[in-house]
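Dear colleague,

Please find below the structure that I am handing over to you, together with its sequence.

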Amino acid sequence: MPSGPSSAARTPFVLLVVVLLGGGLISLLLLNSALNQGSFQLNELKDRTTELTDEEQALQRDVDDYAAPDALERRARELGMIPGGSPAFLGPEGKVLGEPSEAVAPKPTPAPSRKPTPSEKPTPPAATGTPKPGTTTGAGTTAPAQTAPARAPAPPPTPTNSGR
């Protein structure tokens, strides 16, 4: 039997199988690359989501801190606002319920007076006939300036608890 016709019939089949295997390998390589690229994008998006969630929580904490009753009251007082008086309400029939009153500014609390410590000597009150420091006397001279006793610095304010 001649070997020529049988080998010629095999060549297109072998070539077809090689092309199919090569195409399959190339398509697998492209598919794997696309999946890896998608995985990298997914990781970047997860990291960005985590960052944005942390930022949202920080902003929500700030909003909660500003919305706390003590913070609202402090900011309102800084703006010069005062608490309102008693309100009056209108009933369904148009009847006024309650007795309205005017808002009155509370009197400022006086600063507590500091008692001198035993090491400090209280200064005697000045006589009515002595001139104030820095003023001229009848002779044209100025009275010497008196120095006040040294005081210890005031203690730092006590921190308040905002209820959290």
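The protein chain has an accessible surface of about 15300 Å², and 64% of that area belongs to carbon and sulfur atoms. Please note that this is a predicted model.

Overall fold

The protein chain contains two helices and two strands, and along the sequence these follow the pattern α-α-β-β. Helix 1 covers residues 4-67, and helix 2 covers residues 69-78. Strand 1 consists of residues 89-90, while strand 2 consists of residues 96-97. Among the contacts in the protein chain with a separation of 6 or more, 21% are between residues 24 or more positions apart.

Confidence

The average pLDDT of the protein chain is 77, and 62% of the residues score at least 70. Confidence is highest in helix 1, at a mean of 92, and lowest in strand 2, at a mean of 89.

The nonpolar patch

Which residues make the nonpolar surface patch of about 470 Å²? The patch is made by Phe13, Val14, Val17, Val18 and Leu21. One of these residues, Val14, has its place in helix 1. Val14 counts as partly exposed because its relative accessibility is 46%, which lies between the limits of 20% for buried and 50% for exposed.

Salt bridges

How many salt bridges does a search of the whole structure find? The search finds three. In general, side chains of opposite charge can pair when their charged atoms come close.

Another salt bridge links Glu73 with Arg77, whose closest N and O atoms are 3.1 Å apart. Glu73 and Arg77 are separated by about one helical turn because they are four residues apart in helix 2. Glu73 has a relative accessible area of 43% and is therefore partly exposed. For Arg77, the relative accessible area is 42%, so this residue is partly exposed as well.

The side chains of Arg74 and Glu78 also meet in a salt bridge, at 3.5 Å from N to O. Arg74 and Glu78 are four residues apart in helix 2, so about one helical turn separates them.

The strands and the loop between them

Phe89 lies in strand 1. With a relative accessibility of 53%, Phe89 counts as exposed. Which residues does Phe89 touch, leaving aside those up to four places away in sequence? Phe89 touches Lys95, Val96 and Leu97. Phe89 and Pro100 are eleven residues apart in sequence, and their C-alpha atoms are 8.6 Å apart in space.

Lys95 is found in the loop between strand 1 and strand 2. At 55% relative accessibility, Lys95 counts as exposed. When residues up to four places away in sequence are not counted, Lys95 touches Phe89 and Leu90.

With kind regards

Terms used. Residues are numbered from 1 along each chain as its sequence is written. This is a predicted model: local features need pLDDT of at least 70, side-chain atom pairs count only at pLDDT 80 or more; totals for chains, interfaces and linings use all residues. Side-chain values use heavy atoms; hydrogens and water are left out. Patches are made of residues with over 30% relative accessible area and no salt bridge: like charges are joined within 9 Å, nonpolar side chains (Val, Leu, Ile, Met, Phe, Trp, Tyr) within 5 Å. Accessible areas come from the Shrake-Rupley method with a 1.4 Å probe; for residues, only the protein chains shown count as cover. A salt bridge is a side-chain nitrogen of Lys or Arg within 4 Å of a carboxyl oxygen of Asp or Glu. Buried means under 20% relative accessible area, exposed over 50%, partly exposed in between (1.4 Å probe, protein chains only). Contact means heavy atoms within 4.5 Å. pLDDT is the predictor's confidence in each residue, from 0 to 100.
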